[in-house]
Amino acid sequence: MRLLLIEDDKELCEAVEVHIKKESFELDICNNGEDSFYYLENTAYDVIILDRMLPGMDGIKILEKIREKGNMTPVIMVTAMNGINDRIDGLDSGADDYLVKPYAVEELLARIRALLRRPRKMENADCIEYSDLMFYTNTHVLANEKQNVSLSKKEGALLEFLLINKEKIITREQILSRVWGKDCFVEDGNIDNYIFFIRRRLKAISKKVVVTTIHGIGYRLEIKGDRDV
């Protein structure tokens with residue numbers, strides 16, 4: 001599981017990082033709102049921990065922009081502002097949970113685990129379009145303007161997850177959790193096999209979209225030639 005902590009209190013970041021790593025989670029940290037968009041545009045996260053009071057751009061504005069872009073990653077908003085209206089503002093802006101400072105890191109971890117247990121809808125739309133392809137989520141059909149191919153249920157789940165997080169790095173652990181289930185034992189080679197299947201399907205339908213291997217981390221669905229890896 002990969003988490004993003006957006007917090008300007010560096011001492012608090014260090015304390016949280018120690019506990020997060022004990023839980024075997026991966027953690028990225030940024031200390032201001034502007035930098036957070038770089039992380040969010042390039043990496044898929046399972047939970048975002050967002051401080052409300054940040055230099056430059058406050059947490060409410062960041063959260064609104066995250067949701068406007070269609071990113072539905074669970075967000076825990078953290079703040080010293082504990083009035084009822086403050087909590088309402090945070091939740092109404094799209095937060096999934098609200099934690100008041102000072103807090104025990106153990107409570108933060110419990111709230112993270114609770115959010116991770118919630119089932120998440122991968123996509124509301126019946127069709128996801130990207131570049132020159134269309135993927136129909138209900139029927140697992142991948143198509144362009146002239147032809148189409150049918151995918152197995154597992155292939156469809158994997159491609160859907162990649163499409164929802166297009167142009168972001170997806171770790172192997174995230175793929176296991178989202179496609180197979182976090183408690184399911186899967187041999188490592190199974191992921192490689194299904195990535196191979198997806199690449200073969202994409203090659204048949206799209207001249208532009210590829211799955212790039214990010215060595216030692218995972219994969220990224222992107223348009224061929226858009227960036228150097």
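**Entry 1: threonine 79**

I began with threonine 79, which lies in strand β4 (residues 75-79). The model I am reading is a predicted one. Leaving out residues up to four places away in sequence, I listed what threonine 79 touches: Asp51, Arg52, Met53, Tyr98, Leu99, Val100 and Lys101.

**Entry 2: strand β12**

I turned to strand β12, residues 218-223. How many of the 6 residues of β12 are buried? I noted 5, so the strand is largely enclosed by the rest of the structure.

Next I checked what β12 pairs with. Strand β11 (residues 209-214) is antiparallel to β12, with 6 bridges between them. Strand β10 (residues 170-171) also runs antiparallel to β12, joined to it by 2 bridges.

I then followed tyrosine 219 of β12. Tyrosine 219 is the bridge partner of threonine 213, and tyrosine 219 is also the bridge partner of isoleucine 170.

β11 and β12 make a hairpin, with 3 residues between the two strands. In that turn, glycine 216 has a positive phi of about 80 degrees.

**Entry 3: aromatic rings**

I looked up the aromatic pairs and found 4 in the structure. One of them joins tryptophan 180 and tyrosine 194. I noted 5.5 Å centre to centre and 80 degrees between the planes, an edge-to-face pair. Which helices hold these two residues? Tryptophan 180 is in helix α7 (residues 172-180) and tyrosine 194 is in helix α8 (residues 188-205), so the pair ties together parts that are 14 residues apart in sequence.

Tyrosine 194 and phenylalanine 197 are 3 residues apart in helix α8, which means a separation of about one helical turn.

Tryptophan 180 is buried, at a relative accessible area of 16%. Tyrosine 194 is partly exposed, at 21%. Phenylalanine 197 has 24% relative accessibility and counts as partly exposed.

Last, I looked up which residues form the aromatic cluster. I wrote down Trp180, Tyr194, Phe196 and Phe197 as one cluster.

Key
Residues numbered from 1 in each chain as written. Predicted model: local features only at pLDDT ≥ 70, side-chain atom pairs only at ≥ 80, totals over all residues. Heavy atoms only, no water. Buried < 20%, exposed > 50% of the residue type's maximum accessible area, 1.4 Å probe, protein only. Helix = DSSP H or I, 4+ residues; strand = E, 2+ residues; numbered from the N terminus. Pairing = 2+ DSSP bridges. Contact = heavy atoms within 4.5 Å. Phe/Tyr/Trp six-rings, centres within 6.5 Å; stacked < 30°, edge-to-face > 60°.
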